[in-house]
Amino acid sequence: MHKKKKINGNSVKPLDTLAKFAKLEFSEGEKAAAAAYPFLATNYYLGLIGNDLRNDPVYRQCFPDRRELIRHKNLSTDPLCEEKQMPVPGLIHRYRDRIVLLVTNRCAVHCRFCFRKRKWKTGIANQDISDEYLQEAFKYIRRHERIKEVLISGGDPLMLETSRLKEIIDSLSKLKNIDVIRIGSRMPVVLPCRIDTRLVKMLSEVPGLWFLTHFNHPAELTDESAKACSMLTKAGIPVLNQTVLLKGINDDASVLEELFRGLARLQVKPHYLFHVDPAEGNAHFRTGVAKGLEIMEELRPRLSSICTPVFAVDLPEGGGKVPLQPDYRLGKKYLGINGRKILYP
Ligand SMILES: *Cc1c(COP(=O)(O)O)cnc(C)c1O
């Protein structure tokens, strides 16, 4: 058995202790939202909040909002129907060649826009995947030879102790059909000191390992987060970034331009820009798909292909991710300029 040592020493919990921290007064609505979806953040991440407080992009990502309690029939606790696509608890099998393995429900920060808010629990002793379910997952992967890639997610997989994570990754690496292992973690953004030399050494020894992180705003690009990313890239681990398009936080071409440029400078490839999924508790962050397309169109002449992510929406009912592009049909943009056909008739 592994030892259970929790990586949460840097986390701040109750909303009350924070009132003192930031001299904030919370409304009844905000308290009710925090009762439904507990507040959790790291001291480091809270330290990024600027004087603007309630309008601050970091504040808005981690502090409760009364609109989280909005309920209507188009919102679901599980908009992507992940629970229905779990042949084994914790293993989501949606595509032919790749699966997601949820190894813990715990995170260092509770992001208010999360689409897995149904998994937020407090006071439950063990929210990590059990050995029993892990063995079932390995068996399932072995039986389904077409699975070539495992995406380790959660929660945040780096909430597990490095030695436990190593056990899991080593077992996955030994499966003959597995070529690529992805780790999806927000630690470089919310608790960069978690990316320590021991972790990086362990990860760098895994063949086919990719690291996916989750920056949403240029305010999150700090010396500390840059160091976390560069430790990974210097160890030969490719780092990609997924951003969620968030209303009032980053739904602006200039903000995203600065973010994507900053990431590319760190050799972190902007990979996906996601539209918010229709989950209960995050509807107020949705921009609408049209807004995302408008921003992408604005960014195209301003940003290189390296700096530009793919804008995608995850279809409801487990339909999968669909990339969306502004309308670049040749006929519309490049044919018939001044009445002359000039390109690809
Ligand atoms: C996002 C996702 C993947 C990975 O898809 P990519 O487009 O390769 O990033 C795999 N399985 C599930 C269930 C997913 O949600």
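**Core and charged pairs**

Modeller: The largest nonpolar core has 83 residues, and F63, I169, L172 and L203 have the most contacts inside it (such a core is a set of buried Ala, Val, Leu, Ile, Met, Phe, Trp, Tyr and Cys residues joined through side-chain atoms within 4.5 Å; buried means under 20% relative accessible area, exposed over 50%, partly exposed in between, with a 1.4 Å probe and protein chains only). Bear in mind that this is a predicted model, where local features need pLDDT of at least 70 and side-chain atom pairs pLDDT 80 or more, while totals for chains, interfaces and linings use all residues. Numbering starts from 1 along each chain as its sequence is written, and side-chain values use heavy atoms, leaving out hydrogens and water.

Take I169: leaving aside residues up to four places away in sequence, I169 touches I152, I181, I183, M202, L203, V206 and L209 (contact means heavy atoms within 4.5 Å).

Now the charges. There are 25 salt bridges (a Lys or Arg side-chain nitrogen within 4 Å of an Asp or Glu carboxyl oxygen). R116 makes one with E82, with the closest N and O atoms 2.8 Å apart. Both partners are tucked away: R116 is buried at 11% relative accessibility, and E82 is buried at 3%. D131 and R164 also pair up, at 2.9 Å from N to O. There R164 is buried at 6%, whereas D131 is partly exposed at 31%. E257 and R261 meet at 3.0 Å, with E257 buried at 16% and R261 partly exposed at 34%. Finally, shared partners link D78, E82, E83, R116, R118 and K119 into one salt-bridge network.
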